[in-house]
Each structure stands twice: as C-alpha cells, then as structure tokens.
Amino acid sequence: MWKVVWATLLLLATVCAQRGYAKETKGAPKVGHVSVVIVGGTGDLAKKYLWQGFFHLYANQVSSGYSFSFYGGGLSPNDKATPILFEALKGVVCPRELSVERCALVKEQFLKLADYWQLKTSEDYQALGKHLTEQLTQEGIVEAGRLFYLSVPAFAYADIAERINNSCRPTDGAWLRVVLEKPFGHDFSSAQLLSTQLGTSLKDEEMYRIDHYLGKQVVSKILPFRRENSKHLDPIWNKHHIERVEIVLKETLDARGRIPFYDQYGVIRDVIQNHLTEVMTLLTMGLPANLSDVKEVLRNKLKIFSALQHLDRNCATIGQYQNYNLEVQEELNKTKEYYSLTPTFAGIMVHIDIAQYEKMPIILTSGKMLDERLGYARILFKNDIFCVQSHSSVHCKPKQIVFYFGHGTLQYPAILVSKNLFKPDLMDTEWKEITEHKDVSVLGMPISDYYVLTPTVQREAYAELILHIFQGRKDSFISTENLLASWGFWTPLLHGLAKTSPRLYPGGADNGNMLDFKLLGREVTFANEAVVMITQDHMGGSGTESFQVMQGKYRSAEMVSAWPEELIVRLAADLQASAEKAVREGGRFHLALSGGSSPLALFQRLARHHYSFPWRDTHVWMVDERCVPLTELDSNFRTLHDHLLQHVKMPYFNIHPMPVQMNQRLCVEEDSGALLYERDINQLVNASSFHFVLLGVGYDGHTASLFPGSKLDAHGDSLVALTESPAKPHQRMSLTLRAINQAQKVGVLVMGKSKHELVTQLSRVKDNPNKWPITAIRPTSGRLVWYIDYDALLG
Ligand code: BG6
C-alpha cells in the first residue's frame with residue numbers, strides 16, 4: 001500500500017510554496033504521518049464542516065512534510081456508507097489561495113487518502129488500530145500522531161474513548177488527540193460524570209473539547225483586541241464607564257430535525273452555557289500577561305466564574321416558538337396532550353461580583369425563530385455628554401464596541417468601535433481596517449460612525465479549530481475545569497426553570513416586541529404583558545390561579561395567606577410599613593431575621609424592589625446562628641449577607657451577626673458570646689424589644705434554634721442562649737423565648753407543600769413548648785402574624 005507515500009511525493013513535487021499559517025508552535029508535532037479518524041464521518045456535522053476543515057488542513061500542511069490518511073468511521077457497513085462518504089468528500093472546496101490546477105490536484109489526492117471504516121464493535125477498533133500501525137511499517141514512515149474526531153452523540157463518548165485507549169493508541173513518541181463535540185453533559189453532575197469516565201481512558205492533554213465559537217475569527221480576537229488597545233480600554237473597561245454588555249445570538253431557524261437532541265437541552269444548554277458564556281469570559285477576564293499561556297488564560301477565566309453572582313429564575317425570561325410543541329409531538333411520537341417546557345428563547349442577566357464590574361448588567365440572549373440571523377457582543381458605554389442642540393454630532397451618539405460575529409446587515413465578521421470612543425489599533429496583519437462601506441446600519445448606528453476592523457481572509461470556525469488541534473494549541477478548547485465551572489454556574493438556574501412555562505411566540509417578524517425584556521434591579525421580566533396564547537392545559541391545568549391574599553386566624557392568631565409570590569410581596573410590604581412606622585416614631589428599626597430557605601425569597605424581594613426601605617436607620621439582628629464561621633455557606637449570616645445585606649445600602653455598624661466565633665473557637669461557654677450579644681441588644685434596642693422578629697418553623701416544630709425537648713425554661717431571663725440541635729451542626733446560638741416574645745411584632749413564615757402536614761398538625765395541637773417550641777411564641781404585648789402560603793396551607 002503505497003497510497004500515502006505516493007500522494008505525498010506527488011504533491012511535494014508539484015506544490016510550490018504554501019501560505020504557511022501553520023507556523024511552528026510550541027509543542028507542535030514532529031513531522032511525520034498523521035492519521036485522522038472522524039467517528040461519525042458520514043453524519044451532518046462531518047458533511048457540513050468537518051471534511052471541509054480537514055481538507056483545508058491537508059491543503060495547507062501537506063507540503064510542510066506531513067503525510068496524512070483520513071478515515072470516516074461509522075456504524076453502517078462499508079458498502080452502504082462508502083458512497084455517502086465520497087459524496088461528502090467530493091463537495092469540499094479549496095482554500096481561495098490555491099490556483100484552479102493545484103486545487104484539482106490536491107483534491108484528487110485528498111480523495112485517494114480517504115477511506116470508510118466501520119466502527120461498531122471493539123473488534124472494529126482493534127482492526128483499525130492494527131491497520132494504522134501496519135500502514136506505518138509497510139510504508140516505512142514515522143508517525144506524528146493520531147487524531148480522532150468524535151462527531152457522535154455524547155452518550156457514546158466513554159465507550160469510544162475506552163476503545164481508542166485499548167486499541168488505537170499511536171506508536172511511541174507520537175501524539176493522540178481526541179476531539180469531542182458538545183454537549184459535554186446536561187448539568188454539573190452529568191458533566192462531572194462524563195469527565196470522570198473520559199479521564200479513565202484519556203489524559204487531559206489528549207482531549208480537545210470543541211466550542212466552535214472559539215474558532216470564530218472575531219471571538220478569537222477578543223483578547224488580542226483588548227491587549228492591542230489597552231491604552232484606550234483600560235481606563236474605561238469597568239462599571240463606571242460601561243452601561244451594559246450584551247451577548248446575543250439570534251437565529252431564524254427552528255429546531256426541526258434535531259428535536260430528540262434539542263428537547264432535552266433547550267436554548268440555555270445548547271448555546272448559552274457554552275458559546276455565549278465563553279464570549280462573556282473573554283470580555284471580562286483579566287488580561288493574561290501572555291495570551292497564549294493556556295494555564296494563565298484558564299486561571300483568569302476561572303476567576304470570573306467564581307465571581308459570577310448566583311442566578312435564580314428571576315434573572316431569566318424564557319420563550320418557546322409556537323410550532324415547537326407540534327414538532328416535538330411529531331418527532332418524539334408524543335400524543336396531542338404532550339407539552340414540552342423546553343425553552344427555545346432565553347434572555348438572562350448576569351452580574352460579576354468583582355469591584356471592576358459590580359452591578360454592571362451582562363445580558364446573554366438567544367433564540368430560534370427570531371426575525372434575523374445575527375451574533376454579536378456589544379459593550380455599550382455610558383455617554384456623559386449632554387447634547388443641547390446638535391444631536392446628530394458624533395459625540396452625542398451611543399458609544400459602543402461591537403464584536404460582530406457575522407451575518408445580519410453586515411454579512412461579514414468585524415470589530416466596530418464608535419468614532420466617539422477611539423481609533424483602534426489592528427491586532428495583526430491578518431486584520432485590516434475598512435473605510436469604504438455600503439450604506440448599512442449596525443445596531444442602530446450608520447456604519448460610517450464606526451471604525452471597522454475585519455479579517456483579510458474569512459475562515460470557517462471549524463477549519464480554524466482543526467488547524468489548532470493539529471498544532472496542539474489548547475487555548476482554543478474547553479478544559480475540564482472550565483467546563484465544570486460553567487455548568488456549576490448554570491445548573492441552579494436550569495433546575496430553577498425546569499418547571500416554568502415559557503412564553504409562546506409566533507416566530508419571525510410576527511414576534512414584534514413580545515420577547516423584549518427589561519432589567520429591574522437584578523430581575524429580568526418581559527417588557528410587555530403576555531399575549532394570551534397559553535392554554536390552561538399548558539399551564540398544568542390547575543385552574544385555581546388567583547392572586548388574592550386571604551386573611552384569617554391560625555392558632556387563634558392573625559394569619560395572612562396567599563400564593564407564594566403574593567405572600568412574599570405582602571410580607572415585604574408589611575415589613576416596610578413596620579420599618580417606616582418605627583423610624584417615624586423613634587428614628588430606628590430593629591429587625592431580627594432567621595435563617596433557613598423560606599426567607600430567601602423575602603430577602604431577594606427586599607433587595608430588588610424596596611429601594612425606599614429605610615435601610616440607613618435599620619438595625620439587623622440574627623434570630624439564631626449555627627456555630628460555624630460566618631463565612632461558611634451554612635451560616636445564617638452568610639445567607640443573609642449574600643441574599644440581602646450586600647445588595648442594600650446600610651451602615652455596617654447597624655449589622656449585628658451573632659458572635660459564634662471568638663478566640664478562634666466556636667460557641668464556647670467561657671467566651672460568653674451569648675452574653676455579649678445580649679448586652680448589645682440591651683444597649684441598642686429600646687427596652688430590648690425588637691420591632692419585628694421573623695421566624696420560621698421546622699418540621700419538628702422548632703423555631704429559632706429552640707428545639708423540641710430542650711429545656712426552654714432553663715434560659716430564665718436571658719435573651720440569648722447556646723442551644724443544641726438534633727441536626728448538624730449541633731451547636732447553635734439563639735434568641736430565647738423571652739427575647740422573641742417581648743418583640744412588638746413576630747411574623748412566622750411557613751412556605752411550601754412539604755410543610756402542609758406540619759401546618760395541619762399545628763392547627764390542632766395545644767400549646768406544648770416542650771414538644772412544639774413554636775407554640776410557645778406568644779408575644780406579651782406585641783402581635784403574632786402567621787404568613788402561610790397556599791401550598792403549605794392547602795397542600
Ligand atoms: C450550535 C447549536 O452549537 O450553534 C445550534 O447547537 C446553533 O443550535 C449553532 O444553531 C449556532 O452557531 P452559528 O455558528 O451558526 O452561530
């Protein structure tokens with residue numbers, strides 16, 4: 001078999017100097033033979049992009065001393081798949097720089113070097129491995145490496161990786177590179193599992209996880225652009241100058257033909273968790289000293305991931321195009337009653353918790369069936385100039401930098417900088433400035449108002465990345481740490497949205513403004529009321545949606561009940577009313593807050609909607625605390641800090657965490673932490689009577705950290721005590737019954753179906769503090785109000 005050698009010699013003899021963009025890079029393979037195997041070689045991706053990309057690689061590299069062989073692998077037998085493979089191969093087109101004659105020659109050789117190989121069983125892989133090695137011996141050539149491109153569903157990865165590891169590893173000294181296409185998991189734990197499985201067969205440096213956005217010319221130049229223009233950008237790349245960042249991928253296509261995949265993933269997993277998130281990190285990460293230092297780039301990216309503020313469902317709006325459900329019913333063989341909640345549109349707001357970007361909104365949005373195909377990242381700067389007359393003059397216009405990935409009005413990739421910002425420097429000779437334009441507008445501004453940079457030659461993302469794989473350039477691929485950090489960030493939102501009905505939209509221009517969304521504090525909501533397209537069935541058919549707030553009596557005290565969101569709205573309003581009254585009357589509001597998950601929604605509501613709350617005159621106290629450092633995630637104070645305190649403007653000295661950690665130890669009696677807290681209450685709170693104490697109630701009837709069976713009488717006249725919980729961490733510090741019962745108002749918040757049993761039981765039991773500490777809550781001269789949502793009340 002002299003196929004490889006002949007093809008190479010022929011080309012070497014005829015091909016004159018190549019355009020050498022594959023310059024030697026660190027870690028570049030030694031010259032020799034490269035076997036390329038596309039597993040899934042007759043699939044859609046291979047036909048559309050991969051063979052084209054490998055052909056470009058071949059055309060550009062063959063004269064540099066490498067020889068190649070190409071295999072399209074698949075499950076079908078040879079006779080069936082070979083014609084399909086060759087049909088795809090015949091369709092490849094030459095790079096522009098090749099002359100017609102050379103193109104014909106290179107293409108002919110490329111076809112000769114390609115074969116189909118059935119890859120169904122372990123034996124098939126063994127046979128392939130044997131063949132690859134034999135070919136080298138027969139032809140007396142040195143091996144440079146083996147490249148396996150897995151263009152198959154992710155569930156097959158682990159098995160294939162194992163087979164490659166067992167039977168297809170290259171000869172000594174040659175490299176193995178295994179390329180993986182997304183999806184890399186479905187959420188954090190599945191991604192972790194997949195990484196562990198792959199890790200048993202492949203080394204990290206052998207895995208190349210593709211995100212084709214990193215191969216887009218504009219995306220790959222974000223860091224070089226930032227570096228090259230740092231003298232202009234450094235002073236303005238921060239929250240003081242940036243109004244917001246928008247990262248947008250609009251598509252006109254639907255998901256037809258891909259529903260079995262798409263319906264399990266949806267828009268957030270399909271493009272936001274990966275493509276748009278990658279762009280976000282490139283825009284916001286600290287600039288590495290060396291842009292091609294993979295480790296430094298990763299370190300800086302991970303810093304961004306660890307500073308991303310937790311997302312909950314209020315940070316996102318989701319939609320689904322109207323025909324989607326029909327497509328799902330058809331492609332998944334579902335009945336007419338089946339409704340998919342998979343979003344095909346999402347608008348999400350992200351914040352990064354570092355001083356440089358604090359409170360600066362970053363919008364990530366994408367959708368199928370929108371009005372146009374367009375992808376871009378826009379940095380919109382604040383304009384501090386007030387134009388009195390000449391609004392059309394350049395300095396009155398929006399100041400923005402647009403990383404334009406392609407399509408849209410412009411139809412080519414470009415980086416655009418408003419002329420009222422600065423004139424950008426070119427990153428390298430592969431980019432040029434365009435000064436002659438056709439008359440188009442880009443994001444609301446005529447193109448003549450921008451400086452426009454564009455690549456001299458446009459290249460397909462896959463071709464670019466395939467070249468990087470060949471060169472061993474790992475900086476354009478997703479490392480395991482990067483992947484897990486991204487899933488770690490997105491998973492809570494995905495879980496939070498899992499049961500949310502997306503807004504239905506008709507698709508295309510008919511969507512009008514129904515998907516527009518607005519940013520309100522940390523919340524994102526659709527800007528316009530929903531057009532009623534959602535049927536009762538689609539909503540889950542409960543039919544009892546009512547937004548009334550009901551008032552009544554519970555355990556002979558006042559009770560307010562409503563659906564969860566309404567209840568929180570009401571409780572937050574009651575709190576604000578108490579605060580305003582207290583401040584009006586005495587200049588201070590003393591509020592004691594509990595931990596647990598029920599008040600989280602309240603904290604978020606207060607942080608996002610109650611801008612007129614008198615925080616400046618409010619003192620926040622803790623009802624109870626776990627004996628753990630205040631920085632730990634299960635500290636009540638930490639929860640309160642993360643969800644409320646850090647978002648409101650309140651003097652630090654008005655915040656009173658419980659002193660559970662003293663002398664480098666936790667809750668030790670002799671350290672007198674409880675006494676210290678009591679002394680502060682006595683000194684600062686008028687008559688030691690809090691204006692409002694917010695409590696919860698546990699499944700066992702405990703409240704604050706007062707648990708069944710603990711001798712509550714033993715606390716005597718103390719206001720604060722060390723207590724024991726049956727659950728970990730056992731040690732607690734808590735306000736006593738006395739401290740709570742002398743408050744002016746005590747609210748008990750009970751939410752969720754899981755509390756229904758408890759609510760029913762408590763409604764029947766007599767006061768029995770030893771068994772049900774919550775029944776001992778009887779304010780001596782204040783009010784007790786139960787806030788119970790319908791889920792807990794009605795089950
Ligand atoms: C893919 C998604 O990763 O990216 C597709 O699976 C999406 O759903 C595509 O259409 C968008 O890529 P591009 O390059 O067309 O913007």
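1. Basis of the model. Residues are numbered from 1 along each chain as its sequence is written, and side-chain values use heavy atoms, with hydrogens and water left out. Because the model is predicted, local features need pLDDT of at least 70 and side-chain atom pairs count only at pLDDT 80 or more, while totals for chains, interfaces and linings use all residues.

2. The ligand shell. The residues around the ligand are K182, H212, Y213, K216, L249, E251, R258, D270, V271, H275, K368 and R373, where a residue is near a molecule if one of its heavy atoms lies within 4 Å of it. Helices here are DSSP runs of H or I with at least four residues, strands are runs of E with at least two, and both are numbered from the N terminus.

3. For R373, a polar side-chain atom is placed 2.9 Å from an oxygen atom of the ligand. Taken alone, the ligand exposes 390 Å², of which the protein buries 82%; accessible areas come from the Shrake-Rupley method with a 1.4 Å probe, and for residues only the protein chains shown count as cover. A polar contact is a pair of N or O atoms within 3.5 Å; within protein, one must be able to donate a hydrogen and the other to accept it, and residues adjacent in sequence count only if both atoms are side-chain atoms.

4. Disulfides in overview. A disulfide is a covalent bond between the sulfur atoms of two cysteines, and the criterion used here is a pair of cysteine sulfur atoms within 2.5 Å. A search of the whole structure finds three disulfides, and with bonded cysteines counted along the chain their pattern is 1-2, 3-4, 5-6.

5. The pair C94 and C103. These cysteines are joined with an S to S distance of 1.9 Å, and the link is right-handed, with 85° about the S-S bond. Buried means under 20% relative accessible area, exposed over 50%, and partly exposed in between, with a 1.4 Å probe and protein chains only. C94 counts as buried because its relative accessibility is 17%, and C103 is likewise buried, with a relative accessible area of 18%.

6. The pair C387 and C396. The sulfur atoms of C387 and C396 are 2.0 Å apart in their disulfide, which is left-handed, with -105° about the S-S bond. Both C387 and C396 are buried.

7. The pair C627 and C667. A disulfide with an S to S distance of 1.9 Å joins C627 to C667, and its -85° about the S-S bond makes a left-handed link. The pair links distant parts of the chain, 40 residues apart: C627 sits in the loop between β25 (624–626) and α18 (636–643), and C667 in the loop between β28 (665–666) and α19 (673–684). Both C627 and C667 are buried.

8. Two serines. S67 is found in strand β2, residues 67–74, and is buried, with a relative accessible area of 8%; a polar contact of 2.7 Å joins the side chains of S67 and H33. S392, by contrast, is exposed, with a relative accessible area of 60%, and is found in the loop between β11 (374–381) and β12 (399–407). The C-alpha atoms of S392 and P506 are separated by 36 Å, and the two residues are 114 apart along the chain.

9. Annotated spans. In an unreviewed entry, UniProt lists residues 225–513 for "domain: Glucose-6-phosphate dehydrogenase C-terminal"; over this span the chain is 29% helix and 23% strand, and the end C-alpha atoms are 34 Å apart. For "domain: Glucosamine/galactosamine-6-phosphate isomerase", also from an unreviewed entry, UniProt lists residues 564–786. That span is 30% helix and 20% strand, and its end C-alpha atoms lie 14 Å apart. UniProt positions are given in the numbering used here, feature names are shortened, and annotations may be inferred rather than shown by experiment.
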